[in-house]
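The sequence and the coordinates come first, and the description follows.

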Amino acid sequence: MQIILTINNKLVTWDVEKDEMLADTLRSHGLLSVKKACETSCCGLCTVWVEDKSVLSCNILSVRVHGKKVTTIEGVPKEAEEFARVLTAEGSEQCGFCSPGFIMNVLAMKHELVNPSEEEIIHYLTGNLCRCTGYMGQLRAVKTFLGGALV
Amino acid sequence: MFTLGDLVQPENLEIAYQILSDKRNNTILGGCAFLKMGSKRIGTAIDLSNLNLRYIHETDGFIEIGGMTTLREIETHTLLKEYFNGVLPKSVREIIGVQFRNTVTVGASVFAKYGFSDLITALLVLDTDVELYKGGRMPLAAFLKKPKEKDILVRLWIKMDNCKATYLNLRNSASDYSVLNVAVSKLDDQWTIVVGSRPRRADIASNASAALSKGNLSNTDIEGAAQKAAEELSFGTNMRGTADYRKALCKVLVKRAIMEVKVCR
């Protein structure tokens, strides 16, 4: 099936299989930041934005993004780098495998929530399971990045 | 992972239902999250995305929720936050993560009658009707008792009454399935107690609800109702908890939920 979508602000026409999931389509087109790990739709690694909302790309049939705007971390390099620098400064940058999904969800949260409390931050990021460098370091980084969220 | 023979995106419900009825393995797609966990061989998959079934709005004293509305929309919608002490947003907010809730749908959660459903538990304590394309409109409780047959959940209707309600659950870890979930509501003097994820699907504890509605809400009455709920409902064992554990939990969560609703304004 043929789909037309806007990927990272570029209009593209792609051929996809009927039962192909978006994560696989994105990877097959070189967007290798998108990774799959859990196969049960709960780890958050494959997080991308569809119409600026965080979604699990391993869980969306590619045909369903026809006519939509899809954003991966490759499409927001400036913001992603800004947050990555804060993460690094807190010593919580991880090995990098899970980071794109985590960063995409943090950026989505920044766009969606206004002055979130610590509880709201934790709740928003629950769907990103891997925090191998530690929840506290990452939480500090997220708060710094959001600009002094309340403790 | 499921396999698809074909995928269609019909322009109206009539065609969608026709295709659904054509062959036994033709299937409606919801958010696909649970479907993905199995290995179903789907003949023709029917995607309802083009049918404008993604909405929450107010119509003649009812909140209407379209079948393709996502659980995240339930969680964040102002109307649902304001009504019934926000019991519906509260019931879905711990399901996996934001990214997951942005794709899974109300229609699939309710139509599939999942035992683990948090949403069904909360919907059952409200005056909720289910509207099916073929089967028509009926109370959610009646729908849950009906044998499964092919149909399309078009929308939910929730009466905008003065119901006070709450939802509680216990999870072994954040974002896991509930070991047990409980919702309690009070409309005037009528109480409704619902327990789900037993791990069977949510059910109303009728005797406990009736007893509580007759009493004067003393601590003894509340404890009595919680005890009754634990006795009249059946509980099972799975990897998340034993039947005995769930029964003990039921008593505690029902008691807490009643006490919460008692002070709800």
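## The open sheet of chain B

In chain B, five strands make up an open sheet with antiparallel pairing, and their order is β4-β5-β8-β6-β7. Strands here are DSSP runs of E with at least two residues, helices are runs of H or I with at least four, and both are numbered from the N terminus. Two strands pair if DSSP finds at least two bridges between them. The edges are taken by β4 (56-59) and β7 (136-139) of chain B, each with a single partner strand, so one side of each has no neighbour in the sheet. On average, neighbouring strands of the sheet are turned by 25° against each other, direction ignored.

Strand β6 (residues 128-132) of chain B pairs with β7(B) over four bridges in the antiparallel sense. M138(B) in β7(B) is the bridge partner of V130(B).

## Basis of the model

The model is predicted: local features need pLDDT of at least 70 and side-chain atom pairs pLDDT 80 or more, while totals for chains, interfaces and linings use all residues. Residues are numbered from 1 along each chain as its sequence is written, and chains are lettered from A and ligands numbered from 1 in the order in which they are written.

## A loop residue in chain B

R54(B) sits in the loop between β3 (41-47) and β4 of chain B.

Leaving out residues up to four places away in sequence, R54(B) touches G66(B), M68(B) and T69(B); contact requires C-beta atoms, placed from the backbone, within 7 Å. Between the C-alpha atoms of R54(B) and G215(B), which are 161 residues apart along the chain, the separation is 42 Å.

## Helix α5 of chain A

The buried residues of α5(A) are Q138(A), A141(A), V142(A) and F145(A). They lie on the same side of α5(A), because they cover an arc of only 100° around the axis, taken from the directions from the helix axis to the C-beta atoms. These buried residues pack against α2 (77-89), α3 (99-112) and α4 (118-124) of chain A. After α5(A) comes G147(A), with a positive phi near 90°.

## Where the chains meet

In chain A, 21 residues are in contact with 19 residues of chain B. Strand β4 (residues 53-56) of chain A gives the largest share of chain A's side, four residues.

Conventions. Buried ≥ 20, exposed ≤ 12 C-beta atoms within 10 Å, placed from the backbone. Contact = placed C-beta atoms within 7 Å. Axes fitted to C-alpha atoms, helices over the stretch in contact; angles between N-to-C directions.
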